[in-house]
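Here are a few friendly notes to read with the model open beside you. Please follow them in order.

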Amino acid sequence: METFRTEHDLLGERQVPSTAYYGIQTMRAMENFMISEATLDDYPELIAAFAYIKKACAQSNLDYRRLPADLGKAIIQASNKVIDGVYDTHFPIDMIQGGAGTSTNMNANEVIANLGLELLGKQKGEYQHLHPNTHVNMSQSTNDVYPTAVRLAAIWMLDPLIAETERLSAALAQKAEEFADVLKMGRTQLQDAVPMSLGQEFSAYAAMVGDEVAKLRTVQKQLH
């Protein structure tokens with residue numbers, strides 16, 4: 001039989017599954033934002049990006065002695081667990097939300113807080129020891145965290161796209177050599193034109209795709 005823990009927010013109490021690392025804010029988002037069929041756990045790169053930001057902020061807050069050492073270290077260790085991808089299923093909310101993505105930020109804060117609590121020998125939901133807002137989200141705003149996370153995720157996700165696009169360009173160039181002696185009619189303005197080789201046609205395809213690789217690399221650099 002499934003068991004629950006009781007959590008509180010400004011709107012009241014909610015029963016959260018005892019096995020869930022997310023908390024009451026995530027529960028409310030699951031109820032309020034049933035908009036698309038895409039959820040956060042469909043985008044592990046975005047989840048990892050949030051965890052990297054929480055880890056970096058915890059380290060900065062430790063350096064400036066804003067966080068107690070035990071709490072800062074617990075947040076960093078919990079963030080590393082999220083980065084590893086083991087807890088992606090605890091990010092169940094819809095990708096499309098209102099309010100600048102606050103629910104996504106709180107989902108990350110709650111998961112990292114509850115993982116940190118376990119590392120401290122506490123129970124999930126005992127936020128008096130390690131709080132999602134007060135400690136995990138210290139010195140942060142959703143309006144900073146979310147755009148930064150999206151940029152990081154996009155940078156990482158562009159790597160495989162660039163690699164596959166380069167493979168496509170190389171394959172087209174190989175076909176250009178293979179078809180170098182195959183003659184065909186050219187076409188212009190929907191009419192037959194001067195003859196050309198099929199190899200020349202595929203060479204143009206390879207060049208066009210190669211141009212797109214260069215554009216993707218430029219975008220990736222700009223995202224930094």
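1. Helices here are DSSP runs of H or I with at least four residues, strands are runs of E with at least two, and both are numbered from the N terminus. Please keep in mind that this is a predicted model, where local features need pLDDT of at least 70, side-chain atom pairs count only at pLDDT 80 or more, and totals for chains, interfaces and linings use all residues. Residues are numbered from 1 along each chain as its sequence is written, and side-chain values use heavy atoms, with hydrogens and water left out.

2. Have a look at Q140, in the loop between α5 (132-136) and α6 (142-178). Is Q140 buried or exposed? Q140 counts as buried because its relative accessibility is 15% (buried is under 20% relative accessible area, exposed over 50%, partly exposed in between, with a 1.4 Å probe and protein chains only).

3. A polar atom of the Q140 side chain lies 2.9 Å from the backbone oxygen of V136. For the backbone oxygen of M138, the distance to a polar atom of that side chain is 3.0 Å. Leaving aside residues up to four places away in sequence, Q140 touches K54, C57 and V145 (contact means heavy atoms within 4.5 Å).

4. Over in helix α1 (residues 24-32), the buried residues are I24, T26, M27, R28 and A29. Those buried residues of α1 pack against β1 (4-9), β2 (12-17) and α4 (102-119).

Definitions and conventions. A polar contact is a pair of N or O atoms within 3.5 Å; within protein, one must be able to donate a hydrogen and the other to accept it, and residues adjacent in sequence count only if both atoms are side-chain atoms.
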